[in-house]
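Reader: Hi! Could you walk me through this structure with a few questions and answers?

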Amino acid sequence: PNLLIYFVFTIIPVVFSLVLAFTDWNFVSGLKGLKFIGLENFLSLPKDSWFTRSLRNNLIFSLVVPASMAMGLFCALLLNNFAYLRPLLRSMIFMPYISSAVAVAVVWLVIFHPTSGPVNSFLMSIGIESPPRWTGTATWALPTVMIVSLWGGLGYDMMIYLAGLQGIPKELYEAAEIDGATNVRSFLHITFPLLWPTTFFLLVTGIIGSFKVFALINVMTQGGPGTATTMLAFYVYRAGFVFYRMGYASAVAWVLMVLVFFITLLQTWGQRRIAEYQ
């Protein structure tokens with residue numbers, strides 16, 4: 001039964017979307033409206049400014065991943081070595097990750113409200129007369145969404161790194177201390193190399209996740225202003241369910257899949273080279 005459900009709700013839709021990528025279809029007209037157009041959808045993508053801008057935005061948005069990993073590692077190190085009330089702090093930092101993405105987006109919309117939000121109220125209180133309008137301007141909209149995404153994903157990276165840190169044998173640090181190694185040298189030569197499998201896992205899953213971001217965009221900006229925050233996943237939805245171009249949306253989705261696949265292959269190749277070097 002489980003295999004049947006997986007086949008019906010996953011395999012068939014994937015195959016059907018591949019077929020649709022070679023068609024021009026408005027699903028309102030039913031299956032009779034299917035029109036085979038070959039590679040036209042794929043050939044149109046480089047000329048589509050919405051697609052190229054969405055791809056550019058996605059590449060910029062993916063910078064959230066290394067930033068979140070660095071901050072997550074920093075928090076994990078603090079919690080593992082120095083922090084009091086460790087369970088409480090761990091739960092507080094992890095809470096945003098398990099919260100509803102829609103609820104998180106709504107709360108941050110209030111926080112970044114251009115006139116009555118606490119962020120701009122604070123900025124005006126310290127003498128900044130014209131603070132940014134955040135999601136209301138093309139310049140600040142994407143950085144604002146990136147900040148919210150960074151805040152939401154930090155707890156997950158911290159928890160994974162914390163698990164990795166607790167798996168490192170303490171005897172290695174004791175031996176390094178006997179040999180006169182400082183904390184910095186212990187981190188560079190013991191902690192970071194032994195955390196590389198954890199880092200690689202977070203990097204791969206983080207990059208894949210950054211190309212699937214949808215809820216934050218849909219709630220906070222609707223892809224705007226203009227195309228300032230339109231991502232590939234949101235553009236798939238927009239092309240299919242707003243413009244009713246299901247064939248074109250399927251083509252974008254398959255390009256997204258191939259792009260993520262090659263990024264993952266590149267990361268795997270890099271991981272193997274680093275493992276051989278180590």
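Reader: Is Thr 191 buried or exposed?
Author: In this predicted model, local features need pLDDT of at least 70, side-chain atom pairs count only at pLDDT 80 or more, and totals for chains, interfaces and linings use all residues. Residues are numbered from 1 along each chain as its sequence is written, and side-chain values use heavy atoms, with hydrogens and water left out. A residue is called buried under 20% relative accessible area, exposed over 50% and partly exposed in between, with a 1.4 Å probe and protein chains only. Because its relative accessible area is 4%, Thr 191 is buried.

Reader: Thanks! Which helix holds Thr 191?
Author: Helices here are DSSP runs (H or I, at least four residues), numbered from the N terminus. The run at residues 183-194 includes Thr 191, and that is helix 10.

Reader: Let's move on to Leu 73. Is Leu 73 buried or exposed?
Author: Leu 73 sits in helix 4, residues 64-81. Apart from neighbours within four places, Leu 73 is in contact with Tyr 161, Phe 187 and Leu 195. Since its relative accessibility is 10%, Leu 73 counts as buried.

Reader: Where does Phe 211 lie?
Author: Phe 211 is buried, with a relative accessible area of 2%. Not counting residues up to four places away in sequence, Phe 211 touches several others, including Asn 58, Leu 232 and Ile 263. Its place is the loop between helix 11 (196-210) and helix 12 (215-220).

Reader: Nice. How are helix 5 and helix 8 oriented to each other?
Author: Axes are lines fitted to C-alpha atoms, for helices over the stretch in contact, with angles from 0 to 180 degrees between N-to-C directions. The axes of helix 5 (residues 86-98) and helix 8 (residues 138-166) come within 6 Å and cross at roughly 125°. Angles under 35 degrees count as roughly parallel, over 145 as roughly antiparallel, 65 to 115 as roughly perpendicular and the rest as oblique. Helix 5 and helix 8 are therefore oblique.

Reader: One last thing: which residues of helix 5 meet helix 8?
Author: On the helix 8 side, the partners include Trp 151, Gly 155 and Leu 162. On the helix 5 side, they are Arg 90, Ile 93, Phe 94, Pro 96 and Tyr 97.

How values were computed: Helices (H or I, at least four residues) and strands (E, at least two) are DSSP runs, numbered from the N terminus. Contact means heavy atoms within 4.5 Å.
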